[in-house]
Amino acid sequence: MMDIISFIEEEMSKKEMTYDMLAKKIGTSRQNLWMKLNQKKRPNFGTIRKILSGLDIDLIIENKRNAEETSEEDVASFFEIADNEQVSYIAIEAFLSALGYTLKMDARKNE
């Protein structure tokens with residue numbers, strides 16, 4: 001699977017969205033957004049969620065095993081904790097995978 005930074009860059013390209021446009025949409029500067037995506041650092045989970053939201057993409061947790069589905073409240077609580085703890089996206093992805101879950105990008109429908 002494509003890494004998250006490549007995914008974001010591909011989505012920006014598909015939507016013909018510049019760093020300036022996306023930065024304005026998520027309430028940051030172009031320079032800050034560029035640094036988050038282009039420096040060889042691991043952006044934290046909250047930052048990735050904010051960027052994906054600016055691209056109209058929801059991040060959902062999908063169960064890879066046939067276990068009971070995760071409730072929306074549990075997912076929201078998990079995302080809130082991960083955002084607040086400044087954990088890297090890669091760490092969250094690995095943690096969920098070890099538990100039998102995967103992160104999935106889900107493009108929002110235009111209403």
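**Exercise 1.** In which loop is Asn44 found, and is this residue buried or exposed?

*Solution.* Begin with the chain position: in this predicted model, Asn44 sits in the loop between helix 3 and helix 4. Next take the accessibility, which for Asn44 is 14% in relative terms; because buried means under 20%, Asn44 counts as buried. Then follow the side chain of Asn44, which reaches the backbone nitrogen of Thr47 at 2.8 Å. Finally, leaving aside residues up to four places away in sequence, list what Asn44 touches, namely Gln86, Val87, Ser88 and Tyr89.

**Exercise 2.** Identify the buried residues of helix 6 and determine how they are arranged around its axis.

*Solution.* The buried residues of helix 6 are Tyr89, Ile92 and Leu96. Viewed down the helix axis, these buried residues fall within an arc of 65°, and they therefore line one face of helix 6. The elements that cover them include helix 1, helix 4, strand 1, helix 5 and strand 2. Just after helix 6, Gly100 adopts a positive phi of about 95°.

**Exercise 3.** Describe the largest nonpolar core, and trace the contacts of Leu103.

*Solution.* The largest nonpolar core comprises 28 residues, and those with the most contacts inside it are Ile4, Ile8, Leu52 and Leu103. Among the elements that each supply at least two residues of this core are helix 4, strand 1, helix 6 and strand 2, while helix 1 gives the most, with five residues. Turning to Leu103, and not counting residues up to four places away in sequence, its contacts include Phe45, Leu59, Ile61 and Phe79, as well as Tyr89, Ile92 and Leu96, which are the buried residues of helix 6.

How values were computed:
Residues are numbered from 1 along each chain as its sequence is written. This is a predicted model: local features need pLDDT of at least 70, side-chain atom pairs count only at pLDDT 80 or more; totals for chains, interfaces and linings use all residues. Side-chain values use heavy atoms; hydrogens and water are left out. A nonpolar core is a set of buried Ala, Val, Leu, Ile, Met, Phe, Trp, Tyr and Cys residues joined through side-chain atoms within 4.5 Å. Buried means under 20% relative accessible area, exposed over 50%, partly exposed in between (1.4 Å probe, protein chains only). Helices (H or I, at least four residues) and strands (E, at least two) are DSSP runs, numbered from the N terminus. Contact means heavy atoms within 4.5 Å. A polar contact is a pair of N or O atoms within 3.5 Å; within protein, one must be able to donate a hydrogen and the other to accept it, and residues adjacent in sequence count only if both atoms are side-chain atoms. The arc is that of the directions from the helix axis to the C-beta atoms.
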